[in-house]
Structure formats: C-alpha cells, structure tokens
Amino acid sequence: MTFRPDELDTFEAIFTASKAQIRAFPGCQHVELLYDIDMPNVRVTYSLWDSPGALENYRKSDFFRATWAKTKVLFSEKAMAFSLGKA
C-alpha cells in the first residue's frame, strides 16, 4: 500500500489499534506490518491464514470493511492485494 507521506502515522495508528483483533479472527495465524526499504511511504501487511476461506471470511467481516474504509482514503496509489503459497 502506498500512502501519502503525511498519512503514514495515521495508518500506523490504525494498524496498531487493529492488529490484535485481526490476529484473534478465526483462522488467522499471524499478521505483521512491513515497510519497503527503498520507498518509505510503502507498507505491506503480511498475514498467514489457515485457508483461503478463512481469509475470505475476514475480508467479508464488518471489522475489515470498517478498517479498510479508514485506510483506503490515506493512499496515494491504488492498493494491491495478493495471496501466496509455498512451492
């Protein structure tokens, strides 16, 4: 996620306030916030889920919708989301 530089503190406060609830969501094994070393206004949330269905249930939750609504207005570019698996 690429944020307007003046909104980084706002986003980090949202993440800090939300991460315990995300971790407690059924199927979530881990969540953390990472940053791009070369682009200081880029952040990535890294999370591990029991299954794609567990992640989808989270994405459909009222909690996610409310958190996303507060977050997306802080972007300077459209966010990307993708799921990965181990080879």
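**Reading the labels on a predicted model**

Me: Where is Thr-45 found?
Reply: Thr-45 lies in strand S2, and this assignment, like everything discussed below, refers to a predicted model.

Me: Why is Thr-45 called partly exposed?
Reply: The relative accessibility of Thr-45 is 39%, and since the partly exposed class runs between the 20% limit for buried and the 50% limit for exposed, Thr-45 counts as partly exposed. Once the neighbours within four places in sequence are set aside, Thr-45 is in contact with Met-1, Phe-11, Phe-15, Glu-32 and Leu-33.

Me: What makes Ser-18 count as buried, and which residues does Ser-18 touch?
Reply: Buried requires a relative accessible area under 20%, and because Ser-18 has a relative accessibility of 5%, it counts as buried. Ser-18 has its place in helix H1 and, not counting residues up to four places away in sequence, touches Phe-63 and Thr-67.

Me: How do you know how H1 is oriented relative to H3?
Reply: Helix H1 (residues 8-24) and helix H3 (residues 62-72) pack at an angle of about 170 degrees, their axes being 11 Å apart. An angle over 145 degrees counts as roughly antiparallel, and therefore H1 is roughly antiparallel to H3. The contact brings Phe-11, Ile-14, Ser-18, Gln-21 and Ile-22 of H1 up against Phe-63, Thr-67, Lys-70 and Thr-71 of H3, a set that divides into four nonpolar, four polar and one charged.

Me: What puts the buried residues of H2 on the same side of the helix?
Reply: In helix H2 (residues 52-59) the buried residues are Ala-54, Leu-55 and Tyr-58; they cover an arc of only 100 degrees around the axis, so they sit on the same side of H2. Pro-52 and Asn-57 are exposed on the other side of H2, while what covers the buried residues includes H1, strand S2 (43-49) and H3.

Me: What makes Arg-43 and Glu-12 a salt bridge?
Reply: The criterion is a side-chain nitrogen of Lys or Arg within 4 Å of a carboxyl oxygen of Asp or Glu, and the N to O distance of 2.8 Å between the side chains of Arg-43 and Glu-12 goes with their salt bridge. This pair links distant parts of the chain, with Arg-43 in strand S2 and Glu-12 in helix H1, 31 residues apart. Arg-43, at 10% relative accessibility, counts as buried, whereas Glu-12, at 28%, counts as partly exposed.

Me: How many salt bridges does a search of the whole structure find?
Reply: The search finds three salt bridges, one of which joins Glu-7 to Arg-4, with the closest N and O atoms 3.0 Å apart. Under the 20% limit for buried, Glu-7 qualifies because its relative accessibility is 16%, but Arg-4 is partly exposed because its relative accessible area is 29%.

Me: Why are Asp-62 and Arg-65 separated by about one helical turn?
Reply: Asp-62 and Arg-65 are three residues apart in helix H3, and this is why about one helical turn separates them. In general, an α-helix has 3.6 residues a turn, so residues three or four places apart point the same way. Asp-62 and Arg-65 form a salt bridge whose closest N and O atoms are 3.0 Å apart.

Technical notes:
Residues numbered from 1 in each chain as written. Predicted model: local features only at pLDDT ≥ 70, side-chain atom pairs only at ≥ 80, totals over all residues. Heavy atoms only, no water. Axes fitted to C-alpha atoms, helices over the stretch in contact; angles between N-to-C directions. Helix = DSSP H or I, 4+ residues; strand = E, 2+ residues; numbered from the N terminus. Parallel < 35°, antiparallel > 145°, perpendicular 65-115°, else oblique. Contact = heavy atoms within 4.5 Å. Nonpolar A, V, L, I, M, F, W, Y, C, P; charged D, E, K, R; others polar. Buried < 20%, exposed > 50% of the residue type's maximum accessible area, 1.4 Å probe, protein only. Arc of directions from axis to C-beta.
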